[in-house]
Amino acid sequence: MFSCRLSTYMVPDKNDVLYGSLGMLVLQTLAAIGPLHGYRLARRIEQISDNQLTLNQGTLYPALLKLQQKEWIAAKWGESETGRRVKIYSLTRSGRKQLESQESRWHRTTGIIDRFFKIPNEA
Amino acid sequence: MSKADRDLDNEIDAHLAEAVEDYVARGLSPQDARHAALRDFGGVTQVKQVHREMRSLNLMNWLDFKLGARMLVKYPGLTVVGGLAMTFAILVGIVIFQFAGLFLYPSLPLPNGDRIVQVTVRDVVENDVEERALFDFMAWRDALATIDNLGASRDAIRTLIVADGDARPVFVAEMSASGFTVADGTPLMGRVLTPDDEQPAAPSVAVIGHDLWHERFAGDPNVLGRTVQLGDDHPTIVGVMREGFGFPVSHELWVPLKTALLDRAPRSGPAVTIFGTLAEGATLETAQAELTTHGRRAAVEQKATHEHLEPRLSGYADMMAMNSSNGSDDMMFMFLIYFFIGMLVVLICGNVGLLLFARAASRESDLIVRTALGASRGRIVSQLFTEALVLGGLAAAVGLALADIFLRNWALTFLETNYGRLPFWWDLALSPAAVAAAVVLTVLAATVAGVMPALKITRGMGDRLKQTTAGAGGLRFGGVWTVVIVAQVAVTVVFPAIVWFENVQLGRMQDFDPGFATEQFLAVQMEQDAPLDSTAKVEAATLERDARMAATLAELRDRIAAQPGVAGVTFAESLPGGEYSERRIELGDDAAEAAARGPEAPAPFRYATVAETDTSYFAVLDAPIVAGRGFNGADAEPTARVAIVDQGFVDHILGGRNPIGQQVRFVRPGNPDGPSEWYSVVGLVGKLDLGVPYRKGPFAGFYLPGTPERFGGTLNLMIRVRGGDPMTLAPQVRGIAAAVDPSLRLVQVQRLNELNAGMLWVIRLWMSVTAVMSSVALLLSLAGLYAVMAFTVSRRTREIGVRVALGGRRQRILMAIFRRPLIQMGLGVLAGISVIVAATVMYPYSDGPGAHESGGLTLANVGMQAGYAALMFGVCLLACVVPTRRALNIEPTVALRTE
């Protein structure tokens, strides 16, 4: 199980690989699927990970707040598919830019680590 | 519970409900579904708690205000200095706002005030307003569809004599009856003027203003029906206007504009103001279009007079606005003041920012801890902004109160002294807009003073967080602060110089001695009305007026001289201590010399101050004729051509030669008539000084015998009173003048030694304003410099400790520490002195208040600036010395441990 500790989000540090993971997942999900409310977002993340990532769904809300404060996502009240009044989150322009830079950084980092795993065993 | 809390509750509830619904759909019982949803969610209470904390970390909250208030108490020095500075900045800003509003966004406090318009006629070739527009007014009056209630008015100052013989000038509007409709003029008593009153044969009537009713009629409820004497006319009072009515501008009494009796030829007749209201559905543009059509037609039909004339329409209140032709020099002066004060406001806030930066820097470790606890940069900036806002809010409250006091007590008087009678729509009471402006200014001030240093101090906070030795050399004053320091030193250098210049000016005015006992004289400025209802052309009227003046004067003089206590009566074109004309002259010797040198040789520039006086002038003033003779009766004949000069003339023009018999004439380069006839100097008068008190000499006085008809309708009577206050004679003088000739207007009756009282008042006011500004700038500069220097040096305590520990020489260490501040000081002083030099070069002399005297770069001046620069350096050194001494005296081991 993947758990997200809040403190990870509180001290931004560009060198920390874990930093922004949940945020990045949220941004990517919103980018791919479009505006979503909190529950649907949590479910989508779980579904996309083929249920290998099980969120403690409550942790999503501080993360969403943080992303709002950074103005990477925007929220407005709307209606869910079941007719409930829910807050619907969508990606902002600066969120999209942020996602792009996070994505490339992610690929770079994983690429580097990948090379280490690909070192042929000399023994 | 806050709205954000409620929102989160609702959101979580919706989340759980959606989850429950999902689970139920998958086959769970509602109860199990609820359990599963709660399990997936995790701790609801914890999430809410974390959410709340994160929100409070991000948003400005009341705790910041509380902290801000605590900071005010904790740093009292900064509170006083910074608060005072911001108060001053806001006070100045509000006063500017109110003043600027009068000129930039004037509005009429009348119903539909924005639909009241003024029509002017412009000569596009001469680029000037053609005020003689009665012809055009008559043509438009019934023709214009887009402007209703078109009316005209003509200004006049007339002597109003009420039954008890009290005679004083009043500001009269000869106005179309429609003016009362346009300006919503409902009378307090009686009636307003009607179109019937404008008929030539209609009985003469007048409507009086509220203030006039109180001042001259003691608020008499039976004033209606009373007949008064107004110049040559005897109108009956038919109405009293309500308080505050002053349309067209600031008039006190209204009589009908009897256009039938006036000269209505094109581009002829009296100057009139034309006004009206936009008709229903019309706009400024459509009305202008209609006027333009009429203008074009007139240009064809009256080609001789109207070819270059264009009617223009503008909002009525704009007549006194910036875009009018009203004294561009005054506007320039105002603009300079605004620019100057604006510069000060920005500088002050930058300065307070400097202080707050030093305070924030001293709390750096505190801020770093907050960052560690999760506060974002924005959060820290917002906290520091709030702290500045608390200080600014306090300052704004005090600033508004002071602005109110200032505006109520001095501002209107200041404007009246500068502009004369003020238009009725000028109101300087604090408006809601001004309060809003204060709020904007406060936020602006807090932004400059709080956000700028906060951004500076939070830059790279994350990196500093990682350093084990937080604060060690991390913060530095960068380029922006260098500019602020240099600018503030410059301003601190400039301001006292302005006060000094003003003081010199004031001193010169106060000390000015015209050379006789001015305190014994009553000065009466007189004008004679052009006949009120005259079809004569202006020139004829002027001739008639001048002839009448001459006839009147002899009688007036005899009767005043016969009053007990009067030692003598004389008259002059201008009063001593006032303005005289400066005219270029040529000496008889010059002409001879020029003839010898040939016509191409340039004639020497010689200017004399010319005074035209009655032949009795010197005798009444007790001014001794030290050589030659005084004027006699025959000298007043136009053919006599004699003059008397003063010692200044002998010294500066004649180089000490004997003046008697010298030939002098006036030259006007480019004048086709050539130079004037020669005047022969017959005498030298002692003691008297023809100087202008607010200008620096030298003056060369040249007296010509004058007669009233040569003074152009204005002359000054000087009455010498033996013993006692000359003002006690004023009522008798008014009474005699009214009896001798009711059309004689006593514009001003005052003690001669108080001639410049108004200007002195303005200079004193302006001086106190600049003195306060200087003190604030100085105080703030010193505090700011001290804070910056002490901060910089204390930041380098460790470095000093290391250098001392390594055996560094004291001088070298001091040089290293002092170099930057000294360079900044030097640049600042240089900049300040440059501004002063530029000002003295650009304005070699000027006659306005606050202006600089000629040759401002005197030795004393330079000495003062040098002394002042030395003082600034002293303070700078003090700011550096104290912490440096502390650092130099400290044990290296201890210094190394300091942060």
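Which residues have the most contacts inside the largest nonpolar core? Let me start there. Keep in mind that this is a predicted model.

The largest nonpolar core has 108 residues. The ones with the most contacts inside it are Ile94(B), Phe180(B), Phe247(B), Trp254(B) and Val352(B). Helix H13 of chain B, residues 377-419, gives the most to this core, with 17 residues. There is also a second, separate core, of 33 residues. Its members include Leu67(A) and Tyr89(A), along with Ala19(B) and Ala37(B). As background, nonpolar side chains in soluble globular proteins tend to be buried together.

Take Phe180(B) from that list. Leaving aside neighbours within four places in sequence, Phe180(B) contacts Met175(B), Gly185(B), Val192(B), Leu193(B), Val207(B), Met241(B), Phe245(B) and Trp254(B). Note Trp254(B) among them. Trp254(B) is also one of the residues with the most contacts inside the largest core.

A cis peptide bond joins Phe247(B) to Pro248(B), with omega at about 0°. Most peptide bonds are trans. Where does Pro248(B) lie? In the loop between strand S8 (236-241) and strand S9 of chain B.

Now the interface. On chain A, 28 residues are in contact with 25 residues of chain B. The two chains bury about 2400 Å² between them. Of that area, 56% is on carbon and sulfur atoms. How many salt bridges are there between chain A and chain B? Four. One pairs Arg84(A) with Glu18(B), and the closest N and O atoms there are 3.4 Å apart.

Which elements of chain A give two or more residues to the side that touches chain B? Helix H3 (38-48), helix H4 (60-69) and strand S3 (85-91). By type, that side of chain A divides into 12 nonpolar, nine polar and seven charged residues.

Next, helix H6 of chain B, residues 134-141. Here Leu134(B), Phe135(B), Asp136(B), Phe137(B) and Trp140(B) are buried. What do they pack against? Three strands of chain B are on the list: S1 (116-123), S3 (147-161) and S10. Strand S11 (309-315) is there as well, with helix H9 (284-301) and helix H10 (303-306).

On to Arg267(B). It sits in the loop between strand S9 (253-256) and strand S10 (273-278) of chain B. A polar atom of the Arg267(B) side chain lies 3.4 Å from the backbone oxygen of Thr305(B). Not counting residues up to four places away in sequence, Arg267(B) touches Asp123(B), Glu130(B), Arg132(B), Thr305(B), His306(B) and Leu309(B).

Most residues other than glycine have a negative phi. Glu71(A) has a positive one, near 60°. Glu71(A) is in the loop between helix H4 and strand S2 (73-79) of chain A. Is Glu71(A) buried or exposed? Its relative accessibility is 56%, so Glu71(A) counts as exposed.

Arg641(B) also has a positive phi, near 50°. Arg641(B) is in the loop between strand S16 (625-628) and strand S17 (642-646) of chain B. Its relative accessible area is 31%, so Arg641(B) is partly exposed.

Methods
Residues are numbered from 1 along each chain as its sequence is written. Chains are lettered from A and ligands numbered from 1 in the order in which they are written. This is a predicted model: local features need pLDDT of at least 70, side-chain atom pairs count only at pLDDT 80 or more; totals for chains, interfaces and linings use all residues. Side-chain values use heavy atoms; hydrogens and water are left out. Helices (H or I, at least four residues) and strands (E, at least two) are DSSP runs, numbered from the N terminus. A polar contact is a pair of N or O atoms within 3.5 Å; within protein, one must be able to donate a hydrogen and the other to accept it, and residues adjacent in sequence count only if both atoms are side-chain atoms. Contact means heavy atoms within 4.5 Å. A nonpolar core is a set of buried Ala, Val, Leu, Ile, Met, Phe, Trp, Tyr and Cys residues joined through side-chain atoms within 4.5 Å. Buried means under 20% relative accessible area, exposed over 50%, partly exposed in between (1.4 Å probe, protein chains only). Buried area is the accessible area (1.4 Å probe) that two parts lose on being put together, summed over both. A salt bridge is a side-chain nitrogen of Lys or Arg within 4 Å of a carboxyl oxygen of Asp or Glu. Ala, Val, Leu, Ile, Met, Phe, Trp, Tyr, Cys and Pro count as nonpolar, Asp, Glu, Lys and Arg as charged, and the others, Gly among them, as polar.
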